[in-house]
Every structure is written in C-alpha cells, then in structure tokens.
Amino acid sequence: MDAKESTYFIDYRTFVGSNEGKIFKATLAQSENMLVGLNRLQPGQTQPIHMHIGEDKFYLVMEGSGYFQVGESYQTATAGVLVWAPASLPHSVVNSGTDDLVLLVVIAPAPGH
C-alpha cells in the first residue's frame, strides 16, 4: 500500500486532541463534496446554535454524551447515535456529561465549495 492509499483508512482516535478552554476541532478528510471532521467538547462546553446554508450536517457521537438541539427538537445523544441537521436548520450541542464528548462531524458539500 502506498502513502496515498493509507489516507483512505482513517482512525479517528489518532486525531483526538484537546484545546484548553475551546472546542477541539480537526479535519480528517475533505473534498469539494464533503468535509469529515472531529470535534471534542470537554464537560460543560457548548457549540452555540448556528446553521449552515446549503450544507447538510451530521454528528455521530463516538464517545461521551451531549444534549443536542436541531430545529425545535432537543435530545440527549450517547455513543452510537447519529444527529442529523439538514441545511438551514439551526442546531447546537452541549457536553452535558462528565466525560469528554467526541463527535465525528460530516458537512456536505464542504464549506466554501
């Protein structure tokens, strides 16, 4: 396998880091069609309500638990749960647990394309 082929197989755990006082974000893969990222929120951290015009987004909870808002719906999601936020629908997340919240995030098309 050459180096380029190895970029097609990504272990999210190698990207998990921290950013004291701020949400940690890393890009795992990106093309003009899609951005795949990783977000890590420490207990109590919040990603404020926002929306993406013309871009669908989902969060897959990999570790921990969080309290999500999508439009007028609110729900706690734990590891294994996918949270879907269609384009132009406001959404937010709060790490409401006692452990770090690790999210796989996909936005399509990729922002800026």
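The legends below describe close-up views of a predicted model.

**View 1. A four-stranded open sheet.**
Four strands, in the order E3-E8-E5-E6, make up this open sheet, and their pairing is antiparallel. Strand E3 (46-50) and strand E6 (73-78) lie at the edges, and each has a single partner strand, so one side of each has no neighbour in the sheet. On average, neighbouring strands of the sheet are turned by 20 degrees against each other, direction ignored.

**View 2. Strands E5 and E8 side by side.**
Strand E5 covers residues 65-70 and pairs with E8 in the antiparallel sense, over 4 bridges. Phe68 is placed opposite Val93 in E8.

Ser92 belongs to strand E8. Is Ser92 buried or exposed? Its relative accessibility is 11%, so Ser92 counts as buried, because buried means under 20% relative accessible area. Which residues is Ser92 in contact with, leaving aside its neighbours within four places in sequence? They are Gln47, Pro48, Ile49, Tyr67, Phe68 and Gln69.

**View 3. The hairpin of E5 and E6.**
E5 and E6 run antiparallel and are joined by 6 bridges. One of the residues to look for here is Gly66, whose bridge partner in E6 is Ala77. The hairpin has 2 residues between the strands, and Gly71 takes a positive phi near 60 degrees in this hairpin.

**View 4. Tyr67 and Tyr74, a stacked pair.**
The whole structure holds 2 aromatic pairs according to the search. In the pair of Tyr67 and Tyr74, the ring centres are 6.2 Å apart and the ring planes stand at 20 degrees, so the pair is stacked. The cut-offs behind this are centres within 6.5 Å and planes under 30 degrees apart. Tyr67 has a relative accessibility of 38% and therefore counts as partly exposed. Tyr74 is also partly exposed, because its relative accessible area is 46%.

**View 5. A five-stranded open sheet.**
This open sheet has 5 strands in the order E1-E2-E9-E4-E7, with antiparallel pairing. Strand E1 (24-30) and strand E7 (82-85) are the edge strands, and each of them pairs on one side only. From one strand to the next, the twist averages 20 degrees.

**View 6. Strands E4 and E7.**
Strand E4, residues 56-63, pairs with E7 in the antiparallel sense over 4 bridges. Lys57 has Ala85 in E7 as its bridge partner.

**View 7. The salt bridge of Asp11 and Arg13.**
How many salt bridges does a search of the whole structure find? The search finds 2 salt bridges. In one of them, the side chains of Asp11 and Arg13 meet at 2.8 Å, N to O. Asp11 is partly exposed, because its relative accessible area is 33%. Arg13 has a relative accessible area of 57%, so Arg13 is exposed.

**View 8. The salt bridge of Asp100 and Arg40.**
The side chains of Asp100 and Arg40 also meet in a salt bridge, at 2.3 Å, N to O. This pair links distant parts of the chain, with the two residues 60 residues apart. Asp100 is in the loop between strand E8 (91-94) and strand E9 (101-108), whereas Arg40 is in strand E2 (residues 35-41).

Conventions:
Residues are numbered from 1 along each chain as its sequence is written. This is a predicted model: local features need pLDDT of at least 70, side-chain atom pairs count only at pLDDT 80 or more; totals for chains, interfaces and linings use all residues. Side-chain values use heavy atoms; hydrogens and water are left out. Rings of Phe, Tyr and Trp (its six-membered ring) pair if their centres lie within 6.5 Å; planes under 30 degrees apart count as stacked, over 60 as edge-to-face and the rest as tilted. Buried means under 20% relative accessible area, exposed over 50%, partly exposed in between (1.4 Å probe, protein chains only). A salt bridge is a side-chain nitrogen of Lys or Arg within 4 Å of a carboxyl oxygen of Asp or Glu. Two strands pair if DSSP finds at least two bridges between them. Axes are lines fitted to C-alpha atoms, for helices over the stretch in contact, and angles run from 0 to 180 degrees between N-to-C directions. Contact means heavy atoms within 4.5 Å.
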